[in-house]
Amino acid sequence: MATKVENSQPDGALQTKERYAHEPGVFGEAIAYFNEAADRLELPKTIRRILTHPSRQVIISIPFQRDNGEFEVFTGYRVQYNFARGPAKGGIRYHPGVTLDEVTALAFWMTWKCAVVDLPFGGGKGGVTCDPSKLSAGELERLTRRYTAEIIEVIGPDKDVPAPDVGTTPQTMAWVMDTVSMHLRSHTPAVVTGKPICVGGSKGRVEATGRGVMICIESALEKMGKALRGQRVVVQGFGNVGSITARLLHERGAKIVGISDQFTGMHNKDGLDPVAAIEYIANAKNQKRSLEGLPGATAISNTALLELDCDILVPAAIENQITAKNAKRIKAFLIAEGANGPTTPEAHQMLSDAGVTIIPDILANAGGVTVSYFEWVQDRMGYYWRESEVNDRLKDVMRENFDEVWNMAERYKAPLRQAAYMLAIRRVVDCYQTRGIYA
Ligand code: NAD
């Protein structure tokens with residue numbers, strides 16, 4: 001994709017043409033859901049054209065020095081998809097598969113995720129094509145500082161606020177914050193979120209995404225007139241999102257009958273204790289920190305895990321896990337997408353036809369960006385909230401917007417995914433209509 005980009009401007013920004021609209025690729029696919037929702041809203045052509053183009057794409061070359069003294073040049077990106085509702089917001093990814101196309105799609109999704117929970121942010125995303133597992137801590141710090149220096153003109157508390165994503169951590173964000181603060185000669189914690197607490201991070205951020213998933217599940221069950229207690233839950237992926245979702249659901253009386261990581265699935269129809277599983281991983285002797293060998297559970301494949309007899313399924317690992325191949329065998333009546341893009345469009349259609357309720361990723365996992373917003377607010381005030389305050393506010397935001405999506409779905413007889421896109425698009429379009437198009 002990147003090779004097709006033309007018209008590079010001196011500041012690194014690239015003119016956006018029609019280059020993605022009809023091309024396959026991650027961004028091309030991402031637009032499919034948008035188009036369906038835009039059709040239902042009868043969105044005018046002009047606004048539709050604007051919303052299917054990223055506002056700004058920056059491509060940079062990052063020379064950096066290896067520990068052995070040699071220089072390499074990596075490619076980095078920052079895409080600011082839309083600013084109608086506020087500064088761009090979205091993570092920075094360090095991964096060998098990072099491309100302009102992928103970063104653009106991720107920035108596009110962030111636009112709708114921020115809007116669906118009504119945050120005053122647009123959408124953005126960044127990345128560097130590299131394998132962070134092959135870089136030392138010193139190399140990662142130098143890479144991060146140079147990447148930050150290259151995008152310093154386009155980021156800032158009122159312009160674009162990055163956060164961690166795949167391959168980056170709170171430590172990475174501390175380096176971004178420090179680099180910006182050094183260049184500006186001004187302490188600037190609100191330039192990034194997901195920082196360690198000692199440098200302006202928010203309490204409750206680590207748990208926020210899993211907590212948001214749990215709140216969405218509770219809300220959905222309430223709408224269906226069902227209790228959470230006793231529901232049998234399967235969680236795929238036992239990292240940040242999966243393990244916290246499992247723990248919070250277990251605390252509220254749900255029965256966790258299956259969990260998994262990339263190495264194995266673990267099953268017990270009578271229920272597993274997620275806290276014991278979290279401790280088991282933390283104390284694991286092996287480098288993998290895997291669930292393999294977890295006492296009191298039977299090992300099963302990840303494929304079998306998704307098809308277990310259960311009531312609620314939480315895919316919280318990676319994308320494209322629920323596909324046309326396995327959708328028919330999924331038994332859950334409720335799916336909450338902790339991961340981004342775990343369900344393919346074909347599978348979504350099949351499951352919707354079968355009456356399965358799917359809480360879409362842009363809503364289900366928006367708890368993380370919501371507490372990122374709280375972090376930005378706290379940094380700007382210089383006043384930091386208690387964890388209970390953060391959690392209460394998160395609950396308010398998630399519940400209120402879950403209700404809005406649910407109502408939209410009922411009004412339009414639409415699946416929750418389409419309703420979530422419709423709500424998000426309408427909120428962005430309202431801003432365009434009020435601000436006017438500066439053309
Ligand atoms: P993580 O790296 O902490 O955990 C990922 C888990 O998935 C690990 O247990 C890993 O072993 C497992 N996994 C990886 N490949 C797998 C496979 N093929 N089959 C089964 N399990 C596999 O990541 P995370 O932060 O928990 O993120 C998980 C998902 O949630 C991602 O899609 C991410 O984009 C999304 N998400 C995360 C956040 C957040 O705040 N962390 C916010 C929004 C969305």
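Modeller: One definition to begin with: the radius of gyration is taken over C-alpha atoms, and the globule rule is 2.2 Å times the number of residues to the power 0.38. Also note that this is a predicted model.

Biologist: What radius of gyration does the protein chain have, and what would a compact globule have?
Modeller: The protein chain has 21 Å; a compact globule with 439 residues would have a radius near 22 Å, so the two agree. Along the principal axes, the C-alpha atoms fill a box of roughly 60 × 55 × 45 Å.

Biologist: How many helices and strands are there?
Modeller: The protein chain has 14 helices and 13 strands.

Biologist: And what share of the residues is buried?
Modeller: Buried residues are 56% of the 439. The accessible surface of the protein chain is about 18900 Å², and carbon and sulfur atoms account for 51% of that.

Biologist: Switching to charge. How many positive and negative side chains are there?
Modeller: There are 51 positive and 51 negative side chains in the protein chain. The centres of the two sets lie 2 Å apart.

Biologist: Now E218. Where is it found?
Modeller: E218 is in helix α6, which covers residues 205–224.

Biologist: Is E218 buried or exposed?
Modeller: E218 counts as buried because its relative accessibility is 18%, and the cut-off for buried is under 20%.

Biologist: What does E218 touch?
Modeller: Leaving out residues up to four places away in sequence, E218 touches L228, R252 and R399.

Note on methods
Residues numbered from 1 in each chain as written. Predicted model: local features only at pLDDT ≥ 70, side-chain atom pairs only at ≥ 80, totals over all residues. Heavy atoms only, no water. Helix = DSSP H or I, 4+ residues; strand = E, 2+ residues; numbered from the N terminus. Buried < 20%, exposed > 50% of the residue type's maximum accessible area, 1.4 Å probe, protein only. Areas by Shrake-Rupley, 256 points an atom, 1.4 Å probe, with all protein chains shown as cover. Lys, Arg positive; Asp, Glu negative; His and termini not counted. Charge placed at Lys NZ, Arg CZ, Asp CG, Glu CD. Contact = heavy atoms within 4.5 Å.
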